[in-house]
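Colleague: I would like to learn how to read a model like this one. Please take me through it feature by feature.

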Amino acid sequence: MLSDIQNRTDVENLVNTFYEKVRADATIGMIFNEVAHVDWPSHLPKMYDFWESILFGTGQYRGRPMPPHFKLNEHHPFKPEYFDAWLALFYQTVDELFEGEKATEAKVRAVNIAAVMEHRINQINEGATASLLHRDQ
Ligand code: HEM
């Protein structure tokens with residue numbers, strides 16, 4: 001029987017375990033390792049703050065989650081399978097470690113944020129394609 005996500009230590013465990021899977025993942029690992037060259041000692045605490053804010057309203061996260069992804073997408077356009085891989089790993093990690101209301105909330109928030117992110121990235125990429133097509137007209 002698993003317990004729910006209860007505090008900052010649980011959030012840190014969730015985030016650390018998730019990004020270990022992400023870094024080793026065949027589909028999205030390379031974005032973190034080779035495209036973004038993520039500085040883990042600064043990225044992970046930001047993600048603890050982000051998830052603590054979402055789940056408990058107590059985190060220190062004051063950033064904007066979307067812009068770094070738009071920037072990444074400029075170097076390396078996001079594909080639908082990146083979101084599928086990200087979400088599958090996130091769900092897997094939550095389910096492996098926790099069970100309860102907060103665990104469910106984490107998954108619901110993740111899928112909602114991913115949907116908004118994917119939608120906005122698709123709009124950007126469709127706009128870029130449209131302007132390329134109309135470039136010579
Ligand atoms: C295809 C899926 C995704 C990929 C490949 C991805 C990749 C990344 C990378 C590489 C960074 C680090 C950027 C940097 O510091 O250089 C980042 C930052 C971040 N990501 Fe994602 N991400 C994805 C989906 C998500 C989702 C669904 C969420 C939220 C539920 C999320 C939340 C964040 C946040 C909060 C940051 C930190 C933003 C800041 O600097 O304040 N990401 N992401």
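Colleague: Which protein atom is the donor of the iron atom of the ligand?

Modeller: Donors are N, O and S atoms within 2.8 Å of the metal (3.2 Å for Na, K and Ca); water is not among the atoms, so sites may look incomplete. Here the only protein donor is NE2 of His69, at 2.0 Å. His69 belongs to helix α4, residues 67-75. Helices (H or I, at least four residues) are DSSP runs, numbered from the N terminus.

Colleague: What should I know about the source?

Modeller: This is a predicted model: local features need pLDDT of at least 70, side-chain atom pairs count only at pLDDT 80 or more, and totals for chains, interfaces and linings use all residues. Residues are numbered from 1 along each chain as its sequence is written, and side-chain values use heavy atoms, with hydrogens and water left out.

Colleague: How much space lies in the largest pocket, and which residues lie nearest its centre?

Modeller: A pocket is found on a 1 Å grid over the protein atoms alone: an open set of points where a 1.4 Å probe fits, with protein on both sides within 12 Å along at least five of seven lines; lining residues have an atom within 4 Å of a point. Volume is the space filled by probe spheres set on the points. The largest pocket holds about 720 Å³. Its lining has 28 residues, and Tyr19, Phe32, His43, Met47 and His69 lie nearest the centre. Helix α3 gives the largest share, six residues.

Colleague: Which residues touch the most other members of the largest nonpolar core?

Modeller: A nonpolar core is a set of buried Ala, Val, Leu, Ile, Met, Phe, Trp, Tyr and Cys residues joined through side-chain atoms within 4.5 Å. Buried means under 20% relative accessible area, exposed over 50%, partly exposed in between (1.4 Å probe, protein chains only). The largest core has 37 residues; Ile5, Val15, Tyr19, Ile28, Trp51 and Phe90 touch the most other members. Helix α3 gives the most to this core, eight residues.

Colleague: What does Trp51 contact?

Modeller: Contact means heavy atoms within 4.5 Å. Leaving aside neighbours within four places in sequence, Trp51 contacts Val11, Val15, Trp86, Phe90, Ala106, Arg109 and Ala110.

Colleague: Is Ile28 buried or exposed?

Modeller: Ile28 sits in the loop between α1 and α2. Its relative accessible area is 2%, so Ile28 is buried.

Colleague: And Leu97: buried or partly exposed?

Modeller: Leu97 is in helix α5. Its relative accessible area is 22%, so Leu97 is partly exposed.

Terms used:
Helices (H or I, at least four residues) and strands (E, at least two) are DSSP runs, numbered from the N terminus.
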